[in-house]
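Here are my notes on the model you sent over. Have it open beside you while you read.

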Amino acid sequence: MSEPFKSFEDPIFDAFSKDTEVLNRVAHDLFLLMINLTQIRDDALILKIFSQAVDGFVEGLKVTYSKFDPVEPHGRVYEIATMKSHYGWLAVQCPPSRLSDEIESLIQNAIGMLAVILERNYQNRLLENDKVHLESLVQERTRELEDRNVLLKQEIEHRQRYETEREKMVLKLEQQNAELEEFIYTVSHEMKSPLITIRGHLGLLLEYLKNQELDKIDGAMQFVVEATDRMDALLHEILELSRIGRKVTPFEWLDMRELIQNVILSFKDSCDQEFIQFKLDQEFPGVYAERKRIVKVFQNLVENAIKYGKDEDGKVFIEIGIEKKPELYFYIKDYGSGIVPQYHERIFKLFEQLNPEIPGIGVGLTMVRRIVQFYGGRIWTESDGAGSGACFCFTLPLTNEISGSVPDSFNE
């Protein structure tokens, strides 16, 4: 009968088992440590955690860190591994009798992994710095491009405005040249008429003097005087017309009702008040303009209404007022001969007269339109035709946009 089984006890086996247990624990702890260190970006913290963790693996194990080269170990101190990082040197030391080859190898591998982690962090920082620098360059370049785009946009808008203004100027010059040509032709044609009259009657005067027909001299002289008077009036009106917009007198706020009343009074001596009646609105807006020019507008329109506004009984009734719809405008209305539609625009041309038998030289309405247009307004005629009367309507600036600001005296 065999002897009962006895447990195996061997000092060598027990030591091997303990070494294996230590080795497994160190390997497990190093594995977890390195995994945790991969999540950390602070190198100083990584070195601190690694040093504290490795110090507890084996009795007598010591981890030192220095910004300078490590001192060569002496005596029983054994240097396992030395790693040069971007911060300095890391040395792991331990007495030879306390450390097995397997644990030493594990720690050396951990040192290698630690170097990889620190290098990765370093490269990541370089990449982050490059990224920040690149973003800064991109932002700076973007700002430069935006600034250039703003300048380019302003330049384009400036050129477009310049081109638009140039086209307007060219068109205006073309219109002015056309008007000037028409003006020169019309004036020269109108000037010929009194000159022909003067020349013809001067010839007759010579014949009368030569033939001693003294009784006919007065009649011929009268024709010459009338022709020179007409020429003088033509020259005066043309000179006044040319000064509109070229010779500007001081602007002022005008009390339009007072101004219109003064214009009406100026016709008192030259017209039969018994046959002329005026109806004037009670309120008028103020106008900021040249008094002389605005007086000229109303003088010409009132005179025109007196000439052409007679009804069947020879009486003249003139209304002067304002309308507010669809826009605010002045009007001067008569109940006389009226104007057929095809002449609504034509009457504003130079030397145009509806009835040549009525005294006048045909400059008044042209001058009125030129003045109104100079102030940025417009003028038009309303009439249903012959016998229906006529109404001249026009707009004027009610604020002093031409000069830039409302006078303090007007605000008060």
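The points below go from the whole chain to helix packing and then to the aromatic residues.

1. Ground rules. This is a predicted model, so to speak of its limits: local features need pLDDT of at least 70, side-chain atom pairs count only at pLDDT 80 or more, and totals for chains, interfaces and linings use all residues. Residues are numbered from 1 along each chain as its sequence is written, and side-chain values use heavy atoms, with hydrogens and water left out.

2. The chain as a whole. You'll find eight helices and 10 strands in the chain; these are DSSP runs numbered from the N terminus, with helices being H or I of at least four residues and strands E of at least two. Of the 412 residues, 33% are buried. Here buried means under 20% relative accessible area, exposed means over 50%, and partly exposed is in between (1.4 Å probe, protein chains only). Among contacts in the chain with a separation of 6 or more, 68% are between residues 24 or more positions apart; contact means heavy atoms within 4.5 Å.

3. Helix 4 against helix 7. Helix 4 (residues 217–243) packs with helix 7 (residues 364–374) at an angle of about 10°, and their axes are 10 Å apart. Axes are lines fitted to C-alpha atoms, for helices over the stretch in contact, and angles run from 0 to 180 degrees between N-to-C directions. That angle makes helix 4 roughly parallel to helix 7; the classes are under 35 degrees for roughly parallel, over 145 for roughly antiparallel, 65 to 115 for roughly perpendicular, and oblique for the rest. The crossing of helix 4 past helix 7 is left-handed, meaning the near helix is turned anticlockwise from the far one by less than a right angle (clockwise would be right-handed). Glu237, Glu240 and Leu241 of helix 4 make the contact with Thr366, Met367 and Arg370 of helix 7. By class, this contact of helix 4 with helix 7 has two nonpolar, one polar and three charged residues. For the classes, Ala, Val, Leu, Ile, Met, Phe, Trp, Tyr, Cys and Pro count as nonpolar, Asp, Glu, Lys and Arg as charged, and the others, Gly among them, as polar.

4. Helix 6 against helix 7. Helix 7 also meets helix 6 (residues 291–308): the axes come within 9 Å and cross at roughly 145°. This crossing is left-handed. On the helix 6 side look for Arg293, Lys296, Val297, Asn300, Leu301 and Asn304, and on the helix 7 side for Gly364, Leu365, Met367, Val368 and Ile371. The contact of helix 6 with helix 7 divides into six nonpolar, three polar and two charged residues.

5. Arg369. Leaving aside neighbours within four places in sequence, Arg369 is in contact with Glu345, Phe348 and Ile379.

6. Helix 5 against helix 6. The axes of helix 5 (residues 256–266) and helix 6 come within 10 Å and cross at roughly 50°, so the two helices are oblique to each other. Helix 5 passes helix 6 in a right-handed crossing. Met256, Leu259, Ile260, Val263 and Ser266 of helix 5 meet Arg291, Ile294, Val295, Phe298, Gln299 and Val302 of helix 6. That contact of helix 5 with helix 6 has eight nonpolar, two polar and one charged residues. Ser266 is partly exposed, at 43% relative accessible area. From Ser266 to Gln299 is 33 residues in sequence and 8.6 Å in space, C-alpha to C-alpha.

7. Aromatic pairs. How many aromatic pairs does a search of the whole structure find? The search finds 11. Rings of Phe, Tyr and Trp (its six-membered ring) pair if their centres lie within 6.5 Å; planes under 30 degrees apart are stacked, over 60 edge-to-face, and the rest tilted. Phe251 and Tyr288 have ring centres 5.8 Å apart and planes at 40°, so this pair is tilted. Phe251 sits in the loop between helix 4 and strand 4 (252–254) and Tyr288 in strand 6 (residues 287–289), 37 residues apart. Both Phe251 and Tyr288 are buried. One aromatic cluster is formed by Phe251, Trp253, Tyr288, Phe374 and Tyr375.
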